[in-house]
Amino acid sequence: MTPHNSIGGGTFYGPVLQAGSIALTSPTAPSPALHSLPPSTSSFSGRDEELAALLALLDPAAVGRPRTAVVTGLPGVGKTELVVQTARHAVDRPDWFPGGVLYADMDGYDPARRRTAHDTLGGFLLALGVPGDNIPAASPDRARLYASCLHERAGLGLRTLVVVDNVSDMDQVKPLLAADAVNATLVTSRHRLDGVGRRLSLEVLTTEAAVGLMDRALRQECGPGDTRVVDAADEAVRVAEACGRLPLALRIVAAHLADIPQRPLSSIADDLADRRHRIDELAHGDIAVQAAFDLSYEYLAEDDATLFRLLAIHPGPDLSTEAVSRLAASEERVVARTLRSLLRAHLVETGSGYGRWRLHDLVRLYLLRRLTAECAEPEVAGASRRLVTFYLDTSEAAVARLRTGPADEAGRSRFTDRREALAWLDADYPNMAAIALEEPSAGVAFGGTLFAYMQMRRRHEEWLVMTAPVRGLEDTPYGERYHTLLLAQTGTALRAAGQQSEAIGILDEALERFRELGDALGEYMALTNRGNCLNDLGRHDEGIETHREAHEVSKRLNDPVREAQSLANLGVGLQKTGSPDDSREYLTRALAVLEGAGDIVARANALTNLAAAEWDGARPNAALDANASAIELYRTADDWDGEATALLNRNAYLLESDPGQAVELANRAIVLRRRLGNERETAPALLALAGALNAAGRGGEAAEPAMAAARIFARAEDHAGEASALEAQLVALGPEADAASVVPVLQRVVALNTELGKDAELAVQLPMLTMCLSEAEQPDAVARLLRTALTHARAAGDLASEAEALILLGMTLLRMDAAEEAIQHLRHALELCDAVGDDEPAELRAQAALSLGGALLGTSGHAEAVTVLLIAARGYRDLGEPMAGGHALAMLGEALATTGAFEAAAASYADAFAAYGEAGYEEGAAAAQEGFLHCVHRVEGLAELLFGAHDR
């Protein structure tokens, strides 16, 4: 027997003397202390991607991946829950972590409870089976022993997962990391720790996931039957957004709902709508959003906390480092360093681009409280003034640089070119708009400065809101000229918003005031915009006269650009009055001046209008060339709206000749209009896309943009636009569409066009609707609609549409056994077809004759039936329609037979037989043959005579 020694059942330290064969064994089951994870929640949701990423890192089969990850993020964003859920999933998987889990909450942000790595190492070593007496006193020794234990256990197949939660700095976590490539460590921290391992930055939830978390948390508390969240979907979204989609806040809301099972979600949504008290509402028992934020705030250095508080003054979506430096009255370099520190603490987030920063909504509300409690009012007011002054000064310089003629010194020194100035305005306009909502006086100042920019970016409605507080005042602190200028700008904004009539009244008032002030530039502006409004309303003669006045005023200004623009405006008016050659002359003169003035937007506008004049003057190549030049200039100027408008014009020019290119142009225009952020401006581009797709024979694709445009127009209460979009939708549906899908669209179009008084459109659409309703066997409703269609056709003077409605009405009345009235309408229809003349297709006349002949056959008017059925038969023969011709000939045979003219009847039946044979209609041919034989039998010797005649 071979001598045998073994050591097992515990952990031994120091030298051990053994002889012979030695076997080292370790406990097969981990200590209970290795299963010390905190409880997880069954309402965990919205983190599938992050969970999968962490599990992939922990997978023992993964090769070449780091075994340590740190999950960072805002307080309350769900870092601990994600890590605990990950750990439980990993431990439940066979052979992933047979050595168990070591867990420690380091309380890194609570000074009273903060744990050190030294103390935690002691607890971990105890959990790993090291007797207390054998745990070293010195931290480095503990760290070495801890690493040795993990390594030894891994060698025995006892792979261990270490979870270190709520760490504030590297000193707390570095000694606790599993240093080998077998064991793994998950860390959570509010700070972006460096050198730990893979970093996973946790963001707030999506709106959908936030609502899902709230629903699951409520059901967890109250049972699966509590459907308050899903039953109030809109309110749930309101609550989720008010909570900033922060999981901690969402769980607090669920707890409040659970307290009172009868409480509706709308009650909480209303409570959270008050931003002043929102933080108070997001507390339940010992859980509160404020408490979570307090720990991070109090951890900050004093200088960092000071700057952090001041950020609450800024209400916009994000701000630049430069803006923060002005706010704090500090050097940009110093501010940037502090902001990076706050970013590492997840107290600020990166904004829309490099060097821009933003606050979570709840963090800002929290900071506003801190600001009120810890900062004197003069300090806050001074910081606010500095911020507003910064935005005013910089926006003035940017707008000055937008003028592509000579810029003032401020514009040249602050921005190197127009594009840089425009980029700054695009980035910081939302901040100025947000400040304007909180400080109306600042909004009025911004409105005066930003008008040119907001006009370019089609932000007219926002401008009207921004300047509303001062527009109605007679006495303003800004002076009479400013108030008059504001009036004129208001008129321009109203015109752009589609309120031309109201705009003219305001511009007239501004014009009178400018003249009283002797302000020629203001007079020119008011006249120019007044003329544009008149043109929009179709009052072109008045518009041209007003632009002539503006041109005379422009000469007094000694400003070549404005003089050229007035010439261009005259050209536009003349083009609208149907004088393309005169229009072309004025626009060409304007372009000659603008060419050397450097104002590329003014040139682009003139070229756009010149293209329209060339198109109307039947010079398509010249029109396309001018349009292409305009598009290029707009693109150079970053004028998205101008470029989109020119693209849509080109779409219209190419719609018939190249519908595929028209589709591409419309898609480009949609992208540009969406970039403007103005939904209403996108609708015409969507409508143009639908029209181009229809023209290209791609009706199936056209339905979606047409309906999208219709919905936007409907929300904007633009009934004309909605009707046009729905008409495009009808074209997209096509003739093969079933009545169930066509009727609702047609009914809405008819209702809109009735309200708009569009007789010509209704004269066409009402008969279409009646045909659809006829399929549904609703003759009474059909007759009512057709009588309405007749009224609109007569009002429009559309004889062809009137005839068509009369034919349909006659056929409907026949179904209702009102033959006498039906015949009256059908006779009138035939008379109208004769009155229309050669311009109307012969098909309508043939249809009227066929319908009237059929109606007369049912009465005693057989002789008249013969006359009109001959008209129908000849008409369909000339049209090359054998099926309809067969019907007319068969009915003619019947009418002739009724009058006793059997020879002629037999001949007509024979011709009907031939026509049906050509059309492949066997049943009709058989009926014609039967009629023919009946007539033949009535006249002796007729068969031979007729067949011979037919062969000839």
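**Note on the predicted model**

1. Glu 821 is partly exposed, at 29% relative accessible area; the term covers values between buried (under 20%) and exposed (over 50%), computed with a 1.4 Å probe on protein chains only. Its side chain meets that of Arg 787 in a salt bridge, with N and O 3.1 Å apart. A salt bridge here is a side-chain nitrogen of Lys or Arg within 4 Å of a carboxyl oxygen of Asp or Glu. Arg 787 belongs to helix 37 (residues 779–796) and Glu 821 to helix 39 (residues 819–836), so the pair ties together parts 34 residues apart in sequence. Arg 787 is also partly exposed, with a relative accessible area of 37%.

2. Basis of the values. This is a predicted model, in which local features need pLDDT of at least 70 and side-chain atom pairs count only at pLDDT 80 or more, while totals for chains, interfaces and linings use all residues. Residues are numbered from 1 along each chain as its sequence is written, and side-chain values use heavy atoms, with hydrogens and water left out. Helices (H or I, at least four residues) and strands (E, at least two) are DSSP runs numbered from the N terminus.

3. A network of salt bridges with shared partners joins Asp 294, Glu 298, Arg 309, Arg 370 and Glu 374. Within it, Glu 374 and Arg 309 meet at 3.0 Å, N to O. Glu 374 lies in helix 16 (residues 361–374) and Arg 309 in helix 13 (residues 302–310), 65 residues apart. Arg 309 is buried at 10% relative accessible area, whereas Glu 374 is partly exposed at 37%. The whole structure holds 53 salt bridges.

4. A further pair is Arg 459 with Glu 462, whose closest N and O atoms are 3.5 Å apart. Arg 459 is buried, with a relative accessible area of 16%; Glu 462 is partly exposed at 33%.

5. Nonpolar cores. These are sets of buried Ala, Val, Leu, Ile, Met, Phe, Trp, Tyr and Cys residues joined through side-chain atoms within 4.5 Å. The largest has 138 residues, and Phe 308, Tyr 391 and Phe 446 touch the most other members. Helix 17 (residues 377–402) supplies the largest share, 10 residues. Leaving aside residues up to four places away in sequence, Phe 446 touches Val 388, Tyr 391, Leu 392, Met 432, Ile 435 and Met 466. Contact means heavy atoms within 4.5 Å. Another core, of 70 residues, lies apart from this one and includes Val 601, Tyr 653, Ala 710 and Ala 723.

6. Five strands make an open, parallel sheet in the order 4-5-6-3-7; strands count as paired if DSSP finds at least two bridges between them. Strand 4 (101–105) and strand 7 (198–202) are at the edges with a single partner strand each, so one side of each has no neighbour in the sheet. The average twist from one strand to the next is 15°, with axes fitted to C-alpha atoms, for helices over the stretch in contact, and angles from 0 to 180 degrees between N-to-C directions. Strand 3 (residues 68–73) is joined to strand 7 by five parallel bridges, and Thr 72 has Ser 201 as its bridge partner. Helix 3 (residues 117–127) lies across strand 4 and strand 5 (161–167), at about 155° to strand 4.

7. Helix 6. Its buried residues, among them Val 211, Leu 213, Met 214 and Asp 215, pack against helix 7 (228–231), helix 8 (233–242) and helix 9 (247–259). Just after helix 6, Gly 223 has a positive phi of about 100°.
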